[in-house]
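Hi,

Here is the structure I said I would pass on. Have a look at it first, then read my notes below.

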Amino acid sequence: MNFRTFAAFVGPSVFMMLLFIAFPLVSVFKQSFYVTQPIYETVEKETCTPGFLTQTCVTELVSQPKLDEHGEIITQTQYVGLQSYRNVLEPERAWRAISDGNWQVLSTINFWKALRFTLTFTLITLPLVVGCGLGIAVLINNAARSIRGPVIFISLLPFIITPVIGVLSINWLFRGDGIMTALIEWWLNRDIALFAQAWTIEILMMLYRVWHVAPFAAIVFYAGLQTVNQDSLESAVIDGATRWQRMKYIVIPHLMPLIIFVSMIHLMDSYRVFEEIVGFSSQGYVISLQWLTFDYLTPDQAGNRSISRASANSMLTMIGVVILLILPLRRTWRDHKGGH
Amino acid sequence: MKLKTILLAGAMSFAAAGAWSDCAFENDVPLKSLSAGFEAWKAVTDAMAECGNFSASLDQEFREKQPEAFAADPALYQIGGVSNATLVPLLNAGTIRPLDDLVEKYGQDLLPNQLIKVDGKTMAIAMMVNAQHLMYRDDVLAELGIEEPKTYADVLAAAAKIKEAGAMDYPIGGTFKTGWNLGQEFVNMYLGEGGQFFGDGNMPAINNEQGVAALETMKAMTEFMDPEYLVSDSTYVQQQFQQGKIAMANLWASRAAAMNDEAESQVVGKVTMAAAPMGSAVPATTIWWDGIVLASNMSDEEADAAFRVALEGMDGDMVSANNDTAVWLSTAYTPGDLAAGAAASAEGGAKAYPASGPMGIMHTSLGNGLADYLTGAKDAQTTLADIEADYITAAKEAGLISN
């Protein structure tokens, strides 16, 4: 392909990526080093609010942002260096907790609490997703041709469901005396509250994520299974290899690039776990890094939001994803080089 | 069957659209409003729509949109629905207009206490008040010979008695959902104990005896609450009441009517509205109001029409038609049993919610930080100290505390 055609094809997508990914990223990166705030003045103000028969009026000193001649709030932007990162990481408190060996204190600092859960969540669901995906793929592959279509359709369903809706349904099934909780209570004959402690919520979240993502892994693996060399499989059967040995020595090595691909996608996705926290309203017990960014960004009722801390936190989240991806990426790189 | 329902619904909406005659004048200026989406706002905006040329956005996340929408020129909405807390960002940004001349022109029917005055200028017109107050099952309490609880000690004693008698496993309900709800519970308790949130220069001042007392009462209550209390919001508590699972809760007055909703409730007529339990100083609750504001960024003609439409929305006809939906501020309002709790709390001296910029941050810090105490991860003093530290970080970033 000559360069002009190539550029014409790639140009729009590069432009879009610059506009919608690179530019916001640079902007967030910059904002994490600056703080923009209104300039406040303290004034005495009388405010009256309705009582039942009369009004109650109070006069008090309030902080009020200064307005310029156009009626806009005057703001100032300051370079604060790593202050926002320090506010998010709280390094002194975290270090004190670590040197005291007091993990409980560490786990009450927002960032570290979120990091702990995010990592646990990512690393536990990863093998489960790959395992379940492989299982489903083999199952589909072995299903009779006549029912293969419906089986694929049904196993794909969880992946089609919108994440927030999926989480909410799990929430309603298990919350309070939801159907599933009632069933378990009846079975175990004791009172159960699944949303009253962190670990049960975490298990539900992981179960949901595996249920939701495994079909994606399955469909990728199923595609890979179609290209397994049938001759090798047949000769393995003649050599007396068991089903498990065929799987271990022929199928899995063949699927390895796909397994790495699925793992990388899953690492990226699950490190940004968010819907589960919102859908389960679990922030009292469990929070994630992405949720923390969201929380910093949400304005309170007086309209304040912490843009700088949100930016710092999202940069930290991105760094986390990159670190997690280094390992599988290195492997792919080696395979890629070895292949030539 | 289904088709019939749809047709019927269609016919009804036509009927509603055709019913402009209820409005005293015909509005020919296109107007829009943005407000919260609960029942009272629905009633008010429906009444406003009767004047024609009006469309309402009812949105529970309105507080995220409102400051930007009102800062636009011309403003994206002419009429805004606010509460005492959500008024603050609009006041700060100067995007709402004083209403004194309009009140003088059209506001003869308004009660004096509907006029929300800031520095002598009327900035908003209140239409209703709301407060959390005690609701209890009089049948359950009467059966066990328990008097109406007046303080939180009474509430806890009553709960212990009910649990002991085996009538209910978890007699108390509470809006303890992490975040805004949980923060609000602390605000109620702390003000009830007579606490002050801030010292000089917006510095936090909650790590004190009153703060600890407030926390201890909250923790004591959780002993009698469903263990999943950290996810329980107003709707959840309302349903617990309706299904007869709890006997007492400090719940919003705007939820009172749901207790007697035959379609949902199994406890119709069995729930009594009483004053919020007393703290050491005043009833442990805060008084809120909801009302309307008008944007600065529109022409005076538009403001004129917007004000008249807004007044139509909260006129006597609307109030009499929706008497039990809220505790209305109107001469047409007849306070029934459902309003008794809010009224008694106010008479007992309950404070207004101390809305301000710093309070917005404090409320968020409280809402996020209190769960650690209730789950037992921290003791009371550490919790309050950490909340203060979190507040200071956020307030510095917002520019409310100088470095």
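In chain B, 56% of the 403 residues are buried, meaning that 20 or more other C-beta atoms lie within 10 Å of the residue's own, against 12 or fewer for exposed and anything in between for partly exposed, with C-beta atoms placed from the backbone. Chain A comes out at 32% buried, out of its 340 residues.

Before I go on: this is a predicted model, where local features need pLDDT of at least 70 and side-chain atom pairs count only at pLDDT 80 or more, while totals for chains, interfaces and linings use all residues. Residues are numbered from 1 along each chain as its sequence is written, and chains are lettered from A and ligands numbered from 1 in the order in which they are written.

Back to chain B. It has 17 helices and 11 strands (DSSP runs numbered from the N terminus: H or I of at least four residues for helices, E of at least two for strands). Its radius of gyration is 22 Å, close to the 22 Å from the globule rule for 403 residues, so chain B is as compact as a globular protein of that length. The radius is taken over C-alpha atoms, and the rule is 2.2 Å times the number of residues to the power 0.38. Along the principal axes, the C-alpha atoms of chain B fill a box of roughly 65 × 60 × 40 Å.

One helix to look at is α2 of chain B, residues 39–49: eight of its 11 residues are buried, so the helix is largely enclosed by the rest of the structure. Among those buried residues are Trp41(B), Val44(B) and Met48(B).

Chain A has 14 helices and four strands. Its radius of gyration is 27 Å, well over the 20 Å that the globule rule gives for 340 residues, so chain A is more spread out than a compact globule. Its C-alpha box is roughly 90 × 70 × 45 Å along the principal axes.

Now, where do the two chains meet? The contact takes 44 residues from chain A and 52 from chain B, where contact means C-beta atoms, placed from the backbone, within 7 Å. On the chain A side, β1 (34–38), β2 (40–50), β3 (55–65) and α14 (307–338) each give two or more residues. The largest share, seven residues, comes from β2(A).

Methods: Contact = placed C-beta atoms within 7 Å.
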